[in-house]
Amino acid sequence: MKRELTFVVPSRLDGALLRDVMKREIGISSKQLARMKQHTGAILCNGEPVYVIHRVCTGDELRFLIEDDSEADGIVATQGEVDIRFENSDILIVEKPAGLAVHPAPGDREHTLGNFVVWHYEQLGEQFTYRPVNRLDRGTSGLMVIAKNAYAHASLAREMHTARFEREYLAVTEGVPIQIEGTVCAPIARAEGSTIRREVSKSGADAVTHYRVEETFGGRALVRLRLETGRTHQIRVHMAHLSCPLVGDFLYGQESEEIPRCALHSAKLKLILPVTGDTLEVESDLPQDMANLLKRNEIE
């Protein structure tokens with residue numbers, strides 16, 4: 001799969017080396033650049049092939065034909081539903097249901113979101129390399145970004161933990177935070193003796209979560225959270241640190257007969273689209289199983 005990019009040189013880059021523009025301004029990786037140099041016509045300035053040591057001028061129109069680093073990733077195509085919320089030439093935003101793994105792994109190599117996405121494009125007659133950008137735990141529902149080419153994946157990966165890529169979640173907690181709104185700055189590390197569990201630890205990696213209580217229902221709260229970092233189990237660990245574990249979180253709280261998963265939903269994504277530079281914002285409503293938790297608690 002190939003992607004054509006167009007870039008008009010602004011006055012501030014007048015006289016710059018083309019390779020510097022490609023790497024620093026457009027975000028083309030060294031590997032992609034090396035592949036492009038092997039193909040005549042992959043790097044054009046005002047319609048003419050040029051070398052990467054060419055110096056650009058204000059107003060020059062640069063065109064690049066970027067080829068994916070790989071054309072297949074070995075994921076088996078399996079029929080399954082894919083709920084597409086947005087799609088263009090570079091990315092796909094889907095709504096992942098709770099209970100579905102993002103990527104094939106030992107024990108489940110055929111019934112994951114990756115398998116379903118590959119099958120979806122196979123039906124359209126397209127070969128698809130699966131590149132998830134923001135990954136969700138199996139039990140977490142909601143919005144997820146998938147890159148459709150290597151350039152888009154690299155571009156979004158660079159912005160994942162910056163203000164240009166916003167991720168908001170909704171969670172239902174057992175207990176209500178003392179402060180209605182706040183920020184948890186607590187480093188997270190792997191818990192001693194466990195390969196899965198994480199914990200707040202001075203020796204851990206920096207982790208920052210911003211939260212706001214949206215509503216309270218008896219002893220529970222609907223909390224909106226925004227991630228500044230992306231540590232494993234970050235929201236679950238931080239809310240448990242506030243003595244408000246997520247409902248149904250067997251690892252940091254306790255299991256619930258009301259819901260067979262952690263009550264966590266990826267509710268909003270705001271990002272800058274690769275290539276076009278446009279801002280995209282997509283939101284998702286609270287799923288029914290989480291909404292039911294609040295209704296039941298209100299009745300009780």
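**The largest pocket and its setting**

β9 (165-174) and α5 (234-241) each put at least two residues into the lining of the largest pocket, where helices (H or I, at least four residues) and strands (E, at least two) are DSSP runs numbered from the N terminus. This is a predicted model, so local features need pLDDT of at least 70 and side-chain atom pairs count only at pLDDT 80 or more, while totals for chains, interfaces and linings use all residues. Residues are numbered from 1 along each chain as its sequence is written, and side-chain values use heavy atoms, with hydrogens and water left out.

The pocket (on a 1 Å grid over the protein atoms alone, an open set of points where a 1.4 Å probe fits, with protein on both sides within 12 Å along at least five of seven lines) has a volume of about 600 Å³. Its lining (residues with an atom within 4 Å of a point) runs to 27 residues, with R135, L136, D137, T232 and H233 nearest the centre. The largest share, three residues, comes from α5. By class, the lining splits into eleven nonpolar, nine polar and seven charged residues.

As for the rest of the chain, it holds six helices and 16 strands, and its C-alpha trace spans about 70 × 45 × 35 Å along the principal axes. Of the 300 residues, 48% are buried (under 20% relative accessible area, 1.4 Å probe, protein chains only). Among contacts (heavy atoms within 4.5 Å) with a separation of 6 or more, 64% link residues 24 or more positions apart.

Terms used:
Points joined across faces, edges and corners; volume = space filled by probe spheres on them. Nonpolar A, V, L, I, M, F, W, Y, C, P; charged D, E, K, R; others polar. Buried < 20%, exposed > 50% of the residue type's maximum accessible area, 1.4 Å probe, protein only.
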